[in-house]
Amino acid sequence: TRGIMHRDTGDRTKAVSFLEDFLRRNPHHKGAVLALGQAYEAGGRPEEAVAPLLAFYRHRRGDLEAGRELLGLMDRAGLMEKSDAFRWELISDLRALPSPPVPELNAMLYQAFQTAAARQDDEGTTKALSLLAEVSSDSEGYRSLMVRLLLERGRLDAAVKLLGDAAKRSPLNPELRRTVAHLHGLRGDEAAALAELDDAARLMPLEPGLLADRGELHTRGRRWAKAEADFRRLVELQPAEPAWSRELARALLELGRFPEAVRLYEGLVRARPQERERWWNLIYAHSDRKLHDGAARWLKEYLAQFPGDDEAAALLVHEFESAGRLDEAIRALQDRVNLDPRNAARRKNLVNLLMEEERFEEAAEEYFLLAALEPADREHWMTLAYVLETLGRQREAAAALEGYLARFPRDGKAAEQLAGLYLELGEKQKSIAVLRRYFKGRDAGKTAP
């Protein structure tokens, strides 16, 4: 107490002298050792505090308070080499405790990782990440970081060995086993990856991550019966996780068990109808198998939920057409147009189908509207004139061509077509006037400077 008093009152020489004398008689008194270190540092002699603190720590290995005090002292004194070496010593001792202080270990390992990374010390970086991957709550994140580092350095085999050894020491660590399997996969050794997961799943049959990774490998290898078994077990273990039902449904589809797969997809949709992806799994399950009526049914339900989805609307029209339900395809397009009457793209889709089906009366009305929406589009006017002429509505066709030529007066084909229409209507003078106007404009254009 007297030594601490001298230290606190600024008489650091007396404090050091008193504490050193006290420690000669009581060499393992923790409070006195820590106070001596603080007195040395306060007196500007931090390096002299290292030896007594280190001696005390090695007498009481794993003492977190003493270890942190010494580590901090070394860092503040700029003794970086000693600090790095002692940090690893402290980490090793803490890991050996019956109940390791995990948060403190995480902090020290992360500091070791940052220090090694800053110095481009691959070995130290990998070592820190490897230990973090064993003890941290974010073990998967640290393992991913370590794997990425080793991959960047072209040291995949080193990563496999490092984590493989760790897995042998901790065979019941599911995340570690998963990472080893993942590394085997990166090496292209699927058999080794499966062997790792099979062994781990034998020891931990209720561990979802292991089953999920193995199921994914089976899916990639198109071993659908095995994938089904893994994902069915996952559905039993975690029924609230939609990914497992989705993957199980996919395996069932590939096995030709369509009704079972659809029931799963339907269940996912009914559980959370606001999630679009669930609908598309169900829709594509039908569409990909050319079950157009079923696809159309689910698309109609989907569009009731998400009316602004143009991709779904286009697919609904396709499914109706593929099913031979052309009237419904046209009605679906009309519904889309009615939702946004000024949307020219939707109206073009409608008019194209009307033209394909030779429903010219309806197509003409749509072309009138399209020409009003996009008056600068030549095709709208010309097609409108063609449709009206086909319907025997020559005077309206002539009016459409007049409107077109008012915007594009140098179109000789249109002028010739309009002149012909006027002749059919018995209006010879109008026909001559159209051609005269055209040639006059053309010649003026040629002589313009």
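Student: Why is threonine 115 called buried?

Tutor: In this predicted model, threonine 115 has a relative accessible area of 14%, and since buried means under 20%, the value falls on the buried side of the cut-off, so the word applies to threonine 115. The residue lies in helix α7, which covers residues 102–118.

Student: What makes a residue count as being in contact with threonine 115?

Tutor: Contact means heavy atoms within 4.5 Å, and when the neighbours within four places in sequence are left aside, threonine 115 is in contact with Asp84 and Arg87.

Student: Is threonine 383 buried or exposed, and how do you know?

Tutor: Threonine 383 has a relative accessible area of 15%, and because buried means under 20%, threonine 383 is buried. This threonine is found in helix α23, residues 378–390, and, apart from its neighbours within four places in sequence, threonine 383 is in contact with Met355 and Tyr367.

Student: Why is aspartate 165 called partly exposed?

Tutor: The relative accessibility of aspartate 165 is 28%, and since buried means under 20% and exposed means over 50%, with partly exposed in between, a value of 28% makes aspartate 165 partly exposed. Its place is in helix α10, residues 156–169, and its C-alpha atom is separated by 9.6 Å from that of valine 180, which is 15 residues apart from aspartate 165 along the chain.

Student: What makes alanine 191 exposed?

Tutor: Alanine 191 has a relative accessible area of 58%, and because exposed means over 50%, alanine 191 belongs in that class. Alanine 191 lies in helix α12, residues 190–203, and the C-alpha atoms of alanine 191 and glutamate 366, which are 175 residues apart along the chain, are separated by 62 Å.

Student: Why does glutamate 358 count as exposed?

Tutor: Its relative accessibility is 59%, and since exposed means over 50%, glutamate 358 counts as exposed. Glutamate 358 also takes part in a negative surface patch, which is formed by Glu321, Glu356, Glu357 and Glu358.

Student: How do you know that glutamate 301 and arginine 297 form a salt bridge?

Tutor: A salt bridge needs a side-chain nitrogen of Lys or Arg within 4 Å of a carboxyl oxygen of Asp or Glu, and because the closest N and O atoms of glutamate 301 and arginine 297 are 3.9 Å apart, the pair meets the definition. Both residues lie in helix α18, four residues apart, which is about one turn of the helix. Glutamate 301, at 28% relative accessibility, counts as partly exposed, and arginine 297, with a relative accessible area of 43%, is partly exposed as well.

Student: What makes the pair of glutamate 361 and arginine 393 a link between parts of the chain?

Tutor: Their side chains meet in a salt bridge at 2.9 Å, N to O, which is within 4 Å. Glutamate 361 lies in helix α22 and arginine 393 in the loop between α23 and α24 (394–407), so the pair ties together parts that are 32 residues apart in sequence. Glutamate 361 is partly exposed, with a relative accessible area of 45%, whereas arginine 393 is buried because its value of 19% is under 20%.

Student: Why is glutamate 427 called buried, and which residue does its side chain meet in a salt bridge?

Tutor: Glutamate 427 has a relative accessible area of 19%, and since buried means under 20%, glutamate 427 is buried. Its partner is lysine 430, at 3.3 Å, N to O, and lysine 430, at 41% relative accessibility, counts as partly exposed. Elsewhere, salt bridges that share partners join Lys30, Arg60, Asp63 and Glu65 into one network.

Student: How many salt bridges does a search of the whole structure find?

Tutor: The search finds 51 salt bridges.

Methods
Residues are numbered from 1 along each chain as its sequence is written. This is a predicted model: local features need pLDDT of at least 70, side-chain atom pairs count only at pLDDT 80 or more; totals for chains, interfaces and linings use all residues. Side-chain values use heavy atoms; hydrogens and water are left out. Patches are made of residues with over 30% relative accessible area and no salt bridge: like charges are joined within 9 Å, nonpolar side chains (Val, Leu, Ile, Met, Phe, Trp, Tyr) within 5 Å. Accessible areas come from the Shrake-Rupley method with a 1.4 Å probe; for residues, only the protein chains shown count as cover. Lys and Arg count as positive and Asp and Glu as negative; His and the chain ends are not counted. The place of a charge is taken as NZ of Lys, CZ of Arg, CG of Asp or CD of Glu. Buried means under 20% relative accessible area, exposed over 50%, partly exposed in between (1.4 Å probe, protein chains only). Helices (H or I, at least four residues) and strands (E, at least two) are DSSP runs, numbered from the N terminus.
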